[in-house]
Amino acid sequence: MSDPMNVLAPEHRRLRIGDAWRDAAGGATFAVEDPATGRTIAEVADADVVDGLAALDVASKAMAEWAATPPRQRSELLTATYRALTGRSEEVARLITLEMGKPLAQARAEVAYGAEFFRWFAEEAVRVEGRYNTAPAGGYRILTVPKPVGPCVFVTPWNFPLAMGARKIAPALAAGCTTITKPAAQTPLTMLFLARVMEEVGVPPGVVNVVTTKRPGEVVSALLADRRTRKLSFTGSTEVGRVLLRQAADNVLRTSMELGGNAALIVCADADLDVALDGAMVAKMRNIGESCIAANRIYVEEPVREEFTARFAERMGALSVGHGLDDGVDVGALIDEASVTKIDELVADAVDRGARVLVGGERPDGPGHFYPPTVLVDVPEDARMLDAEIFGPVAPIISFTSDDEVMAKANDTEHGLAGYVFTRDLQRALRFAEGLETGMLGINRGLISDPSAPFGGVKQSGIGKEGSHEGILEYLDVTYAAIDLS
């Protein structure tokens with residue numbers, strides 16, 4: 001097995017600021033571990049406030065020139081990034097697996113997904129349009145001119161270390177903005193790899209900056225307090241999102257927030273159970289369940305509850321657990337010990353309240369942060385896991401008897417990111433589409449993420465959209481000029 005770390009030279013495990021790869025100002029570093037073994041795989045620079053503001057300095061200085069760069073030129077650089085990532089898919093996939101834990105097949109899928117944002121927004125870069133029209137009252141004309149919002153600060157999560165950065169960087173660059181990305185401390189290596197790729201394809205210095213740190217609070221706070229920052233995009237928990245929104249309010253920053261989820265997956269009695277089972281496995285187990293749009297609560301209509309549950313538990317129990325780089329592994333390691341402890345406590349709480357474990361339910365001995373695929377039934381409504389974002393391979397199944405009942409239960413949460421419905425009745429599907437309080441809904445489909453579709457939630461699951469045409473609008477301001485022709 002080749003060493004995935006060979007794709008990222010030691011000099012590229014430092015901060016990417018302007019045209020340089022530099023050590024942190026204070027010389028500090030922190031360790032990155034393989035979650036499947038617990039061993040340290042790299043040391044990266046640990047930035048402080050001085051480093052964060054240095055990145056903002058260069059991003060601000062590069063802003064005017066990058067905004068004035070012809071859209072076609074920006075588009076070609078994004079296309080080159082797409083091609084470079086696609087051509088090096090195996091290298092970056094192995095790096096993702098090594099620092100994040102997901103099986104290699106899923107890491108390859110993330111590379112394809114993340115790269116596609118660069119291709120999509122390469123196409124959007126040349127289609128940013130204003131308008132010119134006659135004012136309804138006559139006598140003057142209305143001219144609207146879209147302009148890049150300015151330097152952007154991105155805070156990205158560990159669960160999709162390439163795709164979540166790509167989903168922000170690609171539209172920002174397409175719109176003409178410069179960027180500073182603070183990746184999650186658990187998975188900084190993939191973002192550093194991306195910065196290196198973008199350097200190699202010719203993205204100008206200062207446009208893409210990466211600041212790795214174990215002190216995100218102080219570094220990000222300093223960036224948000226500086227008036228040169230004009231945009232914040234964050235993907236992560238609702239709790240942290242609330243804190244960042246309060247900080248962003250002081251300078252009235254543009255914000256895009258993709259926050260927590262508590263997705264309900266609803267299997268109706270008239271569903272094609274083969275389709276529902278396939279969809280439920282994807283919606284629950286994609287990325288080991290460590291996804292904001294993962295099926296967190298599975299509601300099954302009573303007439304098919306027994307059959308669906310038995311077949312679903314059989315499929316969950318057949319999944320193999322191990323190091324994501326090993327052949328035949330379906331479920332890799334969770335990101336850290338805190339995640340395993342949280343999941344174990346949620347399962348214990350449900351069992352204490354009367355739930356029964358059909359598959360899994362016990363953390364294994366040995367090194368690494370593993371938890372087996374787990375299915376619970378008879379889960380009571382007061383179980384903590386029905387309100388918490390599980391973020392792991394645990395599936396609680398709850399029965400229902402009417403659409404009104406399950407709609408009310410599905411909506412009884414502060415979150416509103418995603419949901420899933422399986423039914424062969426078109427009218428029923430449309431009623432769920434209109435009645436469920438979610439930003440996204442999969443109908444007879446367990447995979448809904450797509451760079452060409454608007455990703456985002458309602459309620460406390462977020463603000464704004466990522467992907468699709470809406471994604472580039474998040475990085476554009478509009479100037480209106482009234483032109484007198486009288």
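Me: In this predicted model, how many nonpolar, polar and charged residues does the lining of the largest cavity have?

Reply: The largest cavity of this predicted model has a volume of about 100 Å³. Its lining consists of 16 residues, and those closest to its centre are Asn262, Arg297, Ala410, Ala418 and Thr438. By class, the lining of the largest cavity divides into six nonpolar, seven polar and three charged residues.

Me: Which elements give two or more residues to the lining of the largest cavity?

Reply: The structure holds six cavities of 30 Å³ or more. For the largest cavity, the elements that each give two or more lining residues are β12 (263-267), α12 and β17.

Me: Is Thr413 buried or exposed?

Reply: Thr413 belongs to the loop between α12 (403-411) and β17 (418-422). Leaving aside residues up to four places away in sequence, Thr413 touches Asn262, Arg297 and Lys459. A residue is classed as buried under 20% relative accessible area. Because the relative accessibility of Thr413 is 15%, Thr413 counts as buried.

Me: Which residues are closest to the centre of the second largest pocket?

Reply: The second largest pocket holds about 240 Å³ of space. Its lining is made of 14 residues, and the closest to the centre are Ala109, Glu110, Tyr113, Arg286 and Leu447.

Me: Which residues does Ser449 touch, not counting residues up to four places away in sequence?

Reply: Ser449 is placed in the loop between β18 (440-443) and β19 (462-463). Its relative accessibility is 13%, so Ser449 counts as buried. Not counting residues up to four places away in sequence, the residues that Ser449 touches are Tyr113, Arg286, Ile293 and Phe455.

Me: How many disulfides does the structure hold?

Reply: A disulfide requires two cysteine sulfur atoms within 2.5 Å. Cys177 is in no disulfide, for the nearest cysteine sulfur, that of Cys152, is 4.0 Å away. For the structure, the number of disulfides is zero.

Me: What is the relative accessible area of Cys177?

Reply: The limit for a buried residue is a relative accessible area under 20%. Cys177 is buried, because its relative accessible area is 0%.

Me: Which elements do the buried residues of α7 pack against?

Reply: Helix α7 covers residues 216-225, and its buried residues are Val219, Val220, Ala222, Leu223 and Leu224. An α-helix has 3.6 residues a turn, so residues three or four places apart point the same way. The buried residues of α7 pack against α1 (49-68), β7 (152-155), β8 (179-182), β10 (231-235) and α8 (238-249).

Me: Is Ile288 buried or exposed?

Reply: Ile288 lies in the loop between α9 (273-285) and β13 (295-301). Its phi is near 65°, a positive value in a residue other than glycine. With a relative accessibility of 1%, Ile288 counts as buried.

Me: What is the phi of Asp378?

Reply: Asp378 is in the loop between β15 (374-377) and β16 (394-400). Its relative accessible area is 47%, so Asp378 is partly exposed. Although Asp378 is not a glycine, its phi is positive, at about 55°.

Me: How far apart are the end C-alpha atoms of residues 21-479?

Reply: An unreviewed UniProt entry places the feature "domain: Aldehyde dehydrogenase" at residues 21-479. This span is 41% helix and 19% strand. The distance between its end C-alpha atoms is 37 Å.

Technical notes:
Residues numbered from 1 in each chain as written. Predicted model: local features only at pLDDT ≥ 70, side-chain atom pairs only at ≥ 80, totals over all residues. Heavy atoms only, no water. Helix = DSSP H or I, 4+ residues; strand = E, 2+ residues; numbered from the N terminus. Buried < 20%, exposed > 50% of the residue type's maximum accessible area, 1.4 Å probe, protein only. Contact = heavy atoms within 4.5 Å. UniProt positions renumbered as here; feature names shortened; annotations may be inferred. 1 Å grid on protein atoms, 1.4 Å probe; cavity = no way out; pocket = protein on both sides within 12 Å on 5 of 7 lines; lining within 4 Å. Points joined across faces, edges and corners; volume = space filled by probe spheres on them. Nonpolar A, V, L, I, M, F, W, Y, C, P; charged D, E, K, R; others polar.
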